[in-house]
Amino acid sequence: MLKLVIFVVFVAYVAASPAVKSDALSAGTEKHWQKPPTLEDDCEAGATQCAANPSSDPFVKPGDCTHFYQCSNGYLCTMDCPDDLVFNPEIKVCDWPWNVTNCGGGPSPPYYDPDCLSPGGIPISRLPFAKPGDCDSYYKCWRGHRFEFDCPLWFVFNPKTGCCDWPIKVPGCGPTLPPKPVPPPSCTDKNGKPLSTGPMAKPGDCNNFYQCGAGILYTMPCAPGTVFNPTKKACDWPYNVPGC
């Protein structure tokens, strides 16, 4: 009796095993099977534009500046340019709008300094040139842009040589020399005879005056609060003496 029970169980197991495995395999296959990957929705199969060249360089999309076409394995794909750029069919890349005819309206063209443009308006690079009214600095152009530079300490820009130079070599940029001093009056006549004179103005000095005594030149001060009046040849109130 026990042998019969074991035999029945064994037959049932053998009969059921293939079905279980088959069902599991079938379920696993249905669960993991996926459709083969396809190109994105912006690519079109069978397009006539890709018949001659299934894989092409980028080319223009008529009437659309911000997109372009490109063939990939026979698919016609629509591609986007980055923000603020448009497709340039001449160089086959995305470019600034002002470089592409009929596709303007993006960012404004870069600003170029008038000093750094050729007569035809083309940006240029220039050797150093003078900054008007400034001896210590100079300008230089690079591709249409003007830059300012300073000369080292104690040097000024020399427009003739195009470099920084000693101030004495650049007219108008050298040190201001003080006026030559006016020689003091002589207290002798043409024959060398000593003279005694009245008060005389001392050039550039309101508070003092000259006077000769027995051939000797003396510098005499005015009293505090007064200045020398050359018209009266005496010390006077400042408001009576122009320039003092």
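**Exercise 1. Find the residues between E7 and E8, and say which residue in the turn has a positive phi.**

Step 1: E7 and E8 make a hairpin, with two residues separating them. Strands are DSSP runs of E with at least two residues, numbered from the N terminus.

Step 2: In the turn, Gly-133 has a positive phi of about 75°.

Step 3: E7 covers residues 126-131 and E8 covers residues 134-142; the two run antiparallel and are joined by four bridges. Strands count as paired if DSSP finds at least two bridges between them. Ala-130 has Tyr-138 in E8 as its bridge partner.

This is a predicted model, where local features need pLDDT of at least 70, side-chain atom pairs count only at pLDDT 80 or more, and totals for chains, interfaces and linings use all residues. Residues are numbered from 1 along each chain as its sequence is written, and side-chain values use heavy atoms, leaving out hydrogens and water.

**Exercise 2. Work out the strand order of the open sheet, and explain why E7 and E9 each have a side without a neighbour.**

Step 1: The sheet is open, has three strands in the order E7-E8-E9, and pairs them antiparallel.

Step 2: E7 and E9 (145-150) are the edge strands, each with a single partner strand, so one side of each lacks a neighbour in the sheet.
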